[in-house]
Amino acid sequence: MAATGRDAPAQSATADREIVISRVIDAPRELVFEAFTEVRHLSRWWGPEGFTTTTRAFEFRVGGEWDFVMHGPDGTDYQEWITWTEIAPPERIALLHGESRGDPNAFESVLTFAPDGAATRIEMRTVFPTKELRDEAVEKYHAIEGGQQTLSNLAAYVTEIVRKEVEN
């Protein structure tokens, strides 16, 4: 029997505004989740290759904010702001991310943390207000590569924590 349009998998209504990046990290999901929730961890791995982060304010709770500056390897500073809209430890974090509170171009991200054997599969699903803003993030700011590098930095960071715990 031929599939009809009704039976075909539905494409997300936001597909043309989304970036989805995932990775399996060889660490327990509680640790991977914790690395996203405590500023002492975030400052050690957040951002693409060559970036560092300076936190000005951090309160991890629904409605709380993270006010920070990302310092690019070329010396450019990027003002950033995140507020958390949902927190379900250790499974899910939803947030709004922009340059500052009230940024009309802020985007929404949902991070899910799923067990994958002894490892963790993390998925970052980001939805931009418009297709144009998504395309600009991809083309001008290299958002896909940056997201992949950020998850790579996270993986290296938590894997090192696990290695040190095993050695002790």
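A: Happy to walk through it with you. In this predicted model, the buried residues of α4 are Gly-146, Gly-147, Thr-150, Leu-151, Asn-153, Leu-154, Ala-155, Tyr-157, Val-158 and Ile-161. As for its length, α4 has 25 residues, which at 1.5 Å a residue should span 36 Å; the end C-alpha atoms are 36 Å apart, so expectation and model agree.

One contact point can be followed down to the side chains. His-41 sits in helix α2 and touches Tyr-157 and Ile-161, along with Glu-34 and Ala-35, when residues up to four places away in sequence are left out. Tyr-157 and Ile-161 are both among the buried residues of α4. His-41 itself has a relative accessible area of 4%, so it counts as buried, the cut-off being under 20%.

His-142 lies in the loop between α3 (131-139) and α4 (143-167), and its phi is positive, at about 55 degrees, although it is not a glycine. In general, most residues other than glycine have a negative phi. In contrast to the buried His-41, His-142 is partly exposed, because its relative accessibility is 45%.

Now for the sheet to which β1 and β7 belong. Seven strands form an open sheet in the order β1-β7-β6-β5-β4-β3-β2, with antiparallel pairing. The edges are taken by β1 (18-25) and β2 (52-58); each has a single partner strand, so one side of each has no neighbour in the sheet. From one strand to the next, the twist averages 25 degrees. Helix α1 (residues 29-37) lies across β1, β2, β4, β5, β6 and β7, and runs at about 155 degrees to β6.

Going through the sheet pair by pair, β7 (residues 119-127) is joined to β6 (residues 107-116) in the antiparallel sense by nine bridges, and Pro-115 stands opposite Thr-120 of β7. Further along, β4 pairs with β5 (residues 92-98) over seven bridges, again antiparallel, with Ile-82 bridged to His-97 in β5. A hairpin of three residues links β4 to β5. Pro-90 is in that loop, and the peptide bond from Pro-89 to Pro-90 is cis, with omega near -15 degrees. As a general rule, most peptide bonds are trans.

Five residues lie between the strands in the hairpin of β3 and β4, and Gly-75 takes a positive phi near 95 degrees.

Finally, the annotation: an unreviewed UniProt entry places the feature "domain: Activator of Hsp90 ATPase homologue 1/2-like C-terminal" at residues 26-158. Over that range the chain is 31% helix and 39% strand, and its end C-alpha atoms are 8 Å apart.

Notes. Residues numbered from 1 in each chain as written. Predicted model: local features only at pLDDT ≥ 70, side-chain atom pairs only at ≥ 80, totals over all residues. Heavy atoms only, no water. Pairing = 2+ DSSP bridges. Helix = DSSP H or I, 4+ residues; strand = E, 2+ residues; numbered from the N terminus. Buried < 20%, exposed > 50% of the residue type's maximum accessible area, 1.4 Å probe, protein only. Axes fitted to C-alpha atoms, helices over the stretch in contact; angles between N-to-C directions. Contact = heavy atoms within 4.5 Å. UniProt positions renumbered as here; feature names shortened; annotations may be inferred. Expected span 1.5 Å × (residues − 1).
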